[in-house]
Amino acid sequence: MAEMGSKGVTAGKIASNVQKKLTRAQEKVLQKLGKADETKDEQFEQCVQNFNKQLTEGTRLQKDLRTYLASVKAMHEASKKLNECLQEVYEPDWPGRDEANKIAENNDLLWMDYHQKLVDQALLTMDTYLGQFPDIKSRIAKRGRKLVDYDSARHHYESLQTAKKKDEAKIAKAEEELIKAQKVFEEMNVDLQEELPSLWNSRVGFYVNTFQSIAGLEENFHKEMSKLNQNLNDVLISLEKQHGSNTFTVKAQPSDNAPAKGNKSPSPPDGSPAATPEIRVNHEPEPAGGATPGATLPKSPSQPAEASEVAGGTQPAAGAQEPGETAASEAASSSLPAVVVETFPATVNGTVEGGSGAGRLDLPPGFMFKVQAQHDYTATDTDELQLKAGDVVLVIPFQNPEEQDEGWLMGVKESDWNQHKELEKCRGVFPENFTERVP
């Protein structure tokens, strides 16, 4: 019997809930159709909007914090592997082996401590902060349902009062239900009206504490890690000093086929010649009294140097002074190694000194020489030329020589110049090693 009674209570409760849902659905339809007014509370609605925004921000912060922790853990593993590699290659008879192993152990402990403190002081606090939102969200939804019940009871009571045939018993019962529904709603409404603004204002202090904790932990971590790295550096310097005779310095050498322009290093396809000037240095010192026969004097910037002169090995006769050379250049050549460098013709007021294009109106001001693209080059910046294999480029000097990067030239495509005759629109820089000089 007790079991049946229990089932009867459960069934009755289900039936009551179903009836409530039907009543609420009917009330919402009437409100949407404008046949029933709806209780509005703009202040509470603003609080709900703030709550939803706060929940969204907190959820995102929690997600990003977990991503950060995962990255810290990955860096810990990578650092651990790197130190294990150092321990393996550090031979037993090398000095400082024990110190290097100790540093590796401390490095591992420091990463573990950093990760654990982030979890304790940031992630767990974050989880606690977000833990209060589900309950409040549920209460906001329940408050909305109770508001619909209150409006429905109010409308039912008003309809009975305005009916032509009044049934006092029904009116009394409807009034009792209205008072009950209003009381339940107002109790929930008052509680939320107090909690939501307080929760909204708490976000500032929470964000400050969270990010202060993260910043402080990261600062201390990097300070301690810096000390370990300095200690490791000292150990390695000591190793280098004691094994200096067996040390082979390996330095990165710039590739002839990889000119640098800012952070860009375009290189032509394999097998293409690099269009860089050839430099030959004679390391035999010259007598102080004068030039040695056959020696090559440095050319002044006003002298055009032909590529064939460098490549073919043709050199001017000893003591021969080209136009524009000064006594200072002769004095300098007597104490310096002989160097042959291919230089570009200098420009003066838009004309080329000694250049083949000096004074020619059909060439751009300052024209020095022509090159032809041997490979396609895709421009990666607005100040670069887009080249196709076979394009002829008229090379001109940089307006500001300090802006020229090694391996890059300034020029204008011949086709663009012939069509527009405007340097400002057509000129641009391009990698020299994608081109080849032509007559």
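**View 1. Packing of helix α4 against helix α5 in the predicted model.** Helix α4, which covers residues 133-161, packs with helix α5, residues 168-242, at an angle of about 150 degrees, and the axes of the two helices lie 8 Å apart. Because angles over 145 degrees count as roughly antiparallel, α4 is described as roughly antiparallel to α5. The crossing of α4 and α5 is left-handed, and the residues that make up the contact between these helices comprise 18 nonpolar, 11 charged and four polar ones.

**View 2. The open sheet of five strands.** The strands of this sheet follow the order β8-β7-β6-β5-β9, and their pairing is antiparallel. At the edges stand β8 (428-431) and β9 (435-438), each of which has a single partner strand, so that one side of each is left without a neighbour in the sheet. From one strand to the next, the twist averages 50 degrees. Strand β7, residues 408-413, pairs with β8 in the antiparallel sense over four bridges, and Gly 411 is found opposite Gly 428 in β8.

View 3. The relative accessibility of Asn 83 is 13%, and because buried means under 20%, Asn 83 counts as buried. When its neighbours within four places in sequence are left aside, Asn 83 is in contact with Ala 104 and Asn 107.

Conventions:
Residues are numbered from 1 along each chain as its sequence is written. This is a predicted model: local features need pLDDT of at least 70, side-chain atom pairs count only at pLDDT 80 or more; totals for chains, interfaces and linings use all residues. Side-chain values use heavy atoms; hydrogens and water are left out. Axes are lines fitted to C-alpha atoms, for helices over the stretch in contact, and angles run from 0 to 180 degrees between N-to-C directions. Angles under 35 degrees count as roughly parallel, over 145 as roughly antiparallel, 65 to 115 as roughly perpendicular and the rest as oblique. A crossing is left-handed if the near helix is turned anticlockwise from the far one by less than a right angle, and right-handed if clockwise. Ala, Val, Leu, Ile, Met, Phe, Trp, Tyr, Cys and Pro count as nonpolar, Asp, Glu, Lys and Arg as charged, and the others, Gly among them, as polar. Two strands pair if DSSP finds at least two bridges between them. Buried means under 20% relative accessible area, exposed over 50%, partly exposed in between (1.4 Å probe, protein chains only). Contact means heavy atoms within 4.5 Å.
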